[in-house]
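Please keep the structure in view while reading.

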Amino acid sequence: MALPNINNIKNLTKEEIKEKIIEIKKEILELKFKQATKQNIKSHLFKHKKHQLSQLLTIQTKSNHV
């Protein structure tokens, strides 16, 4: 599974970006809970979700400065 592409995010509005950031943070939290309770998780999802979150935050920061 490839890392998410930033081109998919660039077309989102500011509100959609904010909603997506909240959604990704919730998903990361759920993964952490599953890991803490020894449930079966795919550990590569941490990297993918964090990467996606950093892309969203970068786009959000750039759009605030323009």
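Contact here means heavy atoms within 4.5 Å. By that criterion, among contacts in the protein chain between residues at least 6 apart in sequence, 75% join residues at least 24 apart. The model is a predicted one, and its secondary structure comes to two helices and zero strands.

**Overall dimensions and surface**

- Taken along the principal axes, the C-alpha atoms of the protein chain fill a box of roughly 45 × 20 × 15 Å.
- The protein chain exposes about 5,200 Å², of which carbon and sulfur atoms supply 54%, while buried residues make up 21% of its 66 residues.

**How the two helices pack**

- Helix H1 spans residues 14-36 and helix H2 spans residues 44-65, and their axes come within 10 Å and cross at roughly 155°.
- Because angles over 145 degrees count as roughly antiparallel, H1 and H2 are roughly antiparallel to each other, and H1 passes H2 in a left-handed crossing.
- The H1 side of the contact includes Ile 17, Ile 21, Ile 24, Ile 28 and Leu 31, and the H2 side includes Leu 45, Phe 46, Leu 53, Leu 56 and Leu 57.
- The residues of this contact of H1 with H2 divide into 11 nonpolar, five polar and eight charged.

**A closer look at Gln 52**

- Gln 52, which lies in helix H2, has a relative accessible area of 16% and is therefore buried, since buried means under 20%.
- Leaving aside neighbours within four places in sequence, Gln 52 is in contact with Pro 4, Ile 9, Lys 20 and Ile 24.

Notes
Residues are numbered from 1 along each chain as its sequence is written. This is a predicted model: local features need pLDDT of at least 70, side-chain atom pairs count only at pLDDT 80 or more; totals for chains, interfaces and linings use all residues. Side-chain values use heavy atoms; hydrogens and water are left out. Axes are lines fitted to C-alpha atoms, for helices over the stretch in contact, and angles run from 0 to 180 degrees between N-to-C directions. Helices (H or I, at least four residues) and strands (E, at least two) are DSSP runs, numbered from the N terminus. Angles under 35 degrees count as roughly parallel, over 145 as roughly antiparallel, 65 to 115 as roughly perpendicular and the rest as oblique. A crossing is left-handed if the near helix is turned anticlockwise from the far one by less than a right angle, and right-handed if clockwise. Ala, Val, Leu, Ile, Met, Phe, Trp, Tyr, Cys and Pro count as nonpolar, Asp, Glu, Lys and Arg as charged, and the others, Gly among them, as polar. Buried means under 20% relative accessible area, exposed over 50%, partly exposed in between (1.4 Å probe, protein chains only). Accessible areas come from the Shrake-Rupley method with a 1.4 Å probe; for residues, only the protein chains shown count as cover.
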